[in-house]
Amino acid sequence: MTTPTTDFQRARSADAKQRREVAILDAARRLGAARGIRTVTLTDIAEAVGMHKSALLRYFETREQIFLRLTAQDWREWGPALRASLDGSEDASPAAIGTIVAASLAARPMFCDLLAQAPLNLERNVSLESVREFKLVTLEEVAALTEVLQRLRPGLTPEQTIDLIAAATSLSGAYWQMATPGPEVEKLYRSDPRLAHAVVDVEPRVARTLAAMLEGFERL
C-alpha cells in the first residue's frame with residue numbers, strides 16, 4: 001500500500017487534472033477488482049494513489065462518484081463489445097442470443113459487481129448531475145443494443161429489448177454477488193450437499209433466463 005505523500009501538489013492545468021482523475025479511477029478499479037466494491041473506502045483509494053483523502057476530494061465528491069464513473073466506463077466498453085459479438089454470430093436463436101449476452105457479462109466480473117452496487121449505493125451519495133451523466137450513458141448504450149436485437153429478432157418491440165437488457169444486467173449483478181460470498185462461506189456451501197444450490201454459476205443461469213424471455217416474447 002502506498003503511503004500518502006505530504007508534498008502532494010494539486011493539479012493546476014486541465015491536462016494534469018485529467019491525469020489525476022484517471023489515476024484515481026485506475027486505483028479504484030484495481031482495488032475493486034481485487035477486493036470487491038463494497039470493501040473499498042475513499043481512504044483506500046487515496047492511499048493507493050499516494051495522496052491524502054482531502055486532496056482526493058478535490059477531484060471526486062465521494063467514493064460512490066468514483067465507482068459510478070467506472071460503471072459508466074464499463075457500459076461504454078460492454079455495449080460495443082456485445083453488439084459486435086451479436087452481429088458476428090451466425091445464430092440468432094433465443095438460446096444463442098441468451099448465451100452471447102450472458103457470456104459477455106460473466107467475462108466482466110467487476111462490471112457485474114458495479115451493476116449490483118449502482119442502484120443500491122452508487123447513485124445515492126452523489127450529485128444529481130453525476131446521476132444524470134451516468135443515466136445518459138446507459139440510455140445511449142441500451143438504445144444501441146436495442147437496434148441490434150431488433151435487427152436479429154424483428155418481432156421484438158423496443159420495450160421488450162429494454163426488458164431483456166435490464167434482466168441481463170440486473171440478474172448478472174445479483175447472481176455475481178451470490179457467486180462470490182467469500183472463501184469461508186463458499187467452502188461451507190461446497191462442503192454440505194444440502195447447500196449445493198447456493199453455489200451459483202452466473203453465466204448459464206442468465207443465459208437460460210434470457211432465452212426463456214425471448215421465447216416468451218414471441219408467444220405474446
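**Before you start**

The model is predicted: local features need pLDDT of at least 70, side-chain atom pairs count only at pLDDT 80 or more, and totals for chains, interfaces and linings use all residues. Residues are numbered from 1 along each chain as its sequence is written, and side-chain values use heavy atoms, with hydrogens and water left out.

**Stop 1: the aromatic rings**

A pair of aromatic rings is described by the distance of the centres and the angle of the planes. Rings of Phe, Tyr and Trp (its six-membered ring) pair if their centres lie within 6.5 Å; planes under 30 degrees apart are stacked, over 60 edge-to-face, and the rest tilted. The count here is three aromatic pairs. Select Trp 75 and Trp 78. Why are Trp 75 and Trp 78 separated by about one helical turn? They are three residues apart in helix α4 (residues 63–87). Helices here are DSSP runs (H or I, at least four residues), numbered from the N terminus.

Show the three side chains together: ring pairs link Trp 75, Trp 78 and Phe 111 into a cluster.

Trp 75 has 6% relative accessibility, so it counts as buried. The cut-offs are under 20% relative accessible area for buried, over 50% for exposed, and partly exposed in between (1.4 Å probe, protein chains only).

**Stop 2: a charge over a ring**

Select Arg 205 and Tyr 175. Arg 205 lies over the face of Tyr 175, at 5.6 Å from the ring centre. The rule asks for NZ of Lys or CZ of Arg within 6 Å of the ring centre and within 35 degrees of the ring normal.

**Stop 3: the cavity**

On a 1 Å grid over the protein atoms alone, a cavity is a set of points where a 1.4 Å probe fits but cannot get out; lining residues have an atom within 4 Å of a point. Points are joined across faces, edges and corners, and a volume is the space filled by probe spheres set on them. The structure holds one cavity of 30 Å³ or more. The largest cavity has a volume of about 50 Å³. Select some of its lining, including Trp 78, Leu 82, Leu 145 and Leu 164. Helices α4, α7 (128–152) and α8 (158–179) each give two or more residues. The lining has ten nonpolar residues, no polar and no charged. Nonpolar means Ala, Val, Leu, Ile, Met, Phe, Trp, Tyr, Cys and Pro; charged means Asp, Glu, Lys and Arg; the others, Gly among them, are polar.

**Stop 4: the pockets**

A pocket is an open set of points with protein on both sides within 12 Å along at least five of seven lines. The largest pocket holds about 310 Å³ of space. Of its 14 lining residues, select Trp 75, Leu 115, Lys 135, Thr 138 and Thr 169, which lie nearest its centre. Which element gives the largest share of the lining? Helix α8 does, with five residues. The lining has nine nonpolar, three polar and two charged residues.

Move to the second largest pocket, of about 170 Å³. Among its lining residues are Arg 35, Arg 38, Asp 113 and Trp 176. Helices α1 (14–35) and α6 each give two or more residues. This lining has five nonpolar, four polar and three charged residues.
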